[in-house]
Amino acid sequence: MKLLLAMCALALCACEPVDHCRVNDTRCSGQTAQVCDSDQRWVEIMNCDEVAAQSGGTWTCRMLDDGSGHTCLPVEQDADEEGGAQ
Amino acid sequence: MSGLTPGVVSEFWQYMLHRYGGSVIDKRNASEMQLVGALLGKLGVVDKDSFLRHYATTIGHRIYIPFEIGLATADWSLWGQIMVCTHECQHIVQYDDLGPIKFAWQYVAKTAGRARLEAEAYRCQMELQFWRTGQLVSAHELASSLKSYGVTDADVQVAETILRMSGESVKRGAVINPTSRAAIDWLNVHVPELRAKAG
């Protein structure tokens with residue numbers, strides 16, 4: 001019985017946690033903006049550190065002001081500092 | 001299209017292919033693409049002729065294109081050739097990042113994976129178009145292109161969300177895809193006059 005329990009525990013530990021989400025929802029996971037795909041798994045939209053490295057300035061994952069989703073947004077710089085530019 | 005000449009487009013392709021280790025093959029004469037086209041046609045995903053004439057396809061580091069680089073046609077303008085080059089190079093980056101097995105599994109076996117990989121590549125069009133015009137391409141319009149990739153309606157909606165969220169960042173100055181960054185840097189040096197004027 002103990003062996004059976006131990007095997008079950010091991011099997012549970014070996015599996016990835018199931019994190020079913022609602023399709024098309026978005027969220028921030030640290031510096032990563034994510035969307036829930038049709039398999040109900042969170043997948044990356046973009047990583048804000050990588051956006052910052054490529055675009056200049058400081059970027060952080062936040063919800064948009066209108067609440068329509070999460071993405072990487074620039075962190076306001078002081079007036080005399082230069083922000084990201086193409 | 002001042003500034004964008006056949007020579008500039010050819011040089012751009014040379015630069016991007018060298019940077020990402022890609023090679024170009026004429027899709028219309030490639031026997032493997034004839035087979036893929038026939039298969040997709042039988043599966044009802046896309047009509048064979050349409051697949052061979054209207055779509056570029058990348059497998060690994062090989063980019064199959066249905067046009068001659070630098071020769072503008074009704075289907076493939078010079079600017080369209082710049083954008084599709086960047087899009088296909090983004091697939092090379094994905095292939096290198098994921099590795100051949102994971103990439104193939106995600107792209108071929110899973111509609112959600114295919115939609116996401118394509119949405120990410122279509123983001124190149126959004127980023128380049130924004131650089132050139134200062135206007136965002138509609139996320140809905142771009143995501144609708146995925147309907148011909150055999151994905152589900154839910155996948156198209158997720159792709160639209162990816163592109164819509166990307167657009168929010170792009171219009172604030174982000175360049176998200178590495179291939180877009182490389183393309184824009186090149187364009188800024190070689191054809192800066194194409195870039196949208198600020199304000």
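**Briefing: chains A and B of a predicted model**

In this predicted model, 24 residues of chain B are in contact with 26 residues of chain A; two residues are in contact if their C-beta atoms, placed from the backbone, lie within 7 Å. Local features need pLDDT of at least 70 and side-chain atom pairs count only at pLDDT 80 or more, while totals for chains, interfaces and linings use all residues. Residues are numbered from 1 along each chain as its sequence is written, and chains are lettered from A, with ligands numbered from 1, in the order in which they are written. Helices (H or I, at least four residues) and strands (E, at least two) are DSSP runs, numbered from the N terminus.

**The side of chain B that touches chain A**

- Helices H6 (111-133), H8 (153-170) and H9 (178-190) of chain B are the elements that give two or more residues to this side.
- H8(B) gives the most, with eleven residues.
- By type, the residues of this side are eleven nonpolar, seven polar and six charged. Here Ala, Val, Leu, Ile, Met, Phe, Trp, Tyr, Cys and Pro count as nonpolar, Asp, Glu, Lys and Arg as charged, and the others, Gly among them, as polar.

**The sheet of chain A**

- Three strands of chain A form an open sheet in the order S1-S2-S3, with antiparallel pairing; two strands pair if DSSP finds at least two bridges between them.
- S1 and S3 (42-47) of chain A are the edge strands, each pairing on one side only.
- Neighbouring strands of the sheet are turned by 35° against each other on average, direction ignored. Axes are lines fitted to C-alpha atoms, for helices over the stretch in contact, and angles run from 0 to 180 degrees between N-to-C directions.
- H8(B) packs on this sheet and touches S1, S2 and S3 of chain A, its direction making about 25° with that of S3(A).
- Four bridges join S1 (residues 26-29) and S2 (residues 32-36) of chain A in the antiparallel sense. Thr26(A) has Val35(A) as its bridge partner, and Ser29(A) stands opposite Thr32(A).
- The two strands S1(A) and S2(A) form a hairpin with two residues between them, and Gly30(A) in the turn has a positive phi of about 65°.

**Selected residues of chain A**

- Asn24(A), in the loop between helix H1 (2-14) and S1 of chain A, has a phi near 85°, a positive value in a residue other than glycine. Asn24(A) is partly exposed because 16 other C-beta atoms lie within 10 Å; a residue is buried if 20 or more other C-beta atoms lie within 10 Å of its own, exposed if 12 or fewer, and partly exposed in between, with C-beta atoms placed from the backbone.
- Gln40(A) lies in the loop between S2 and S3 of chain A, and its phi, near 60°, is likewise positive in a residue other than glycine. Gln40(A) is partly exposed, with 15 other C-beta atoms within 10 Å.
- Ser55(A), in helix H2 (residues 48-55) of chain A, is buried, with 24 other C-beta atoms within 10 Å.

**Nonpolar cores**

- The largest nonpolar core has 54 residues, and those with the most contacts inside it are Cys72(A), Ala115(B), Ala143(B), Ala159(B), Ile162(B) and Leu163(B). Such a core is a set of buried Ala, Val, Leu, Ile, Met, Phe, Trp, Tyr and Cys residues joined through C-beta atoms within 7 Å.
- H6(B) supplies the largest share of this core, ten residues.
- A second, separate core of seven residues includes Leu40(B), Phe51(B), Leu52(B) and Tyr64(B).
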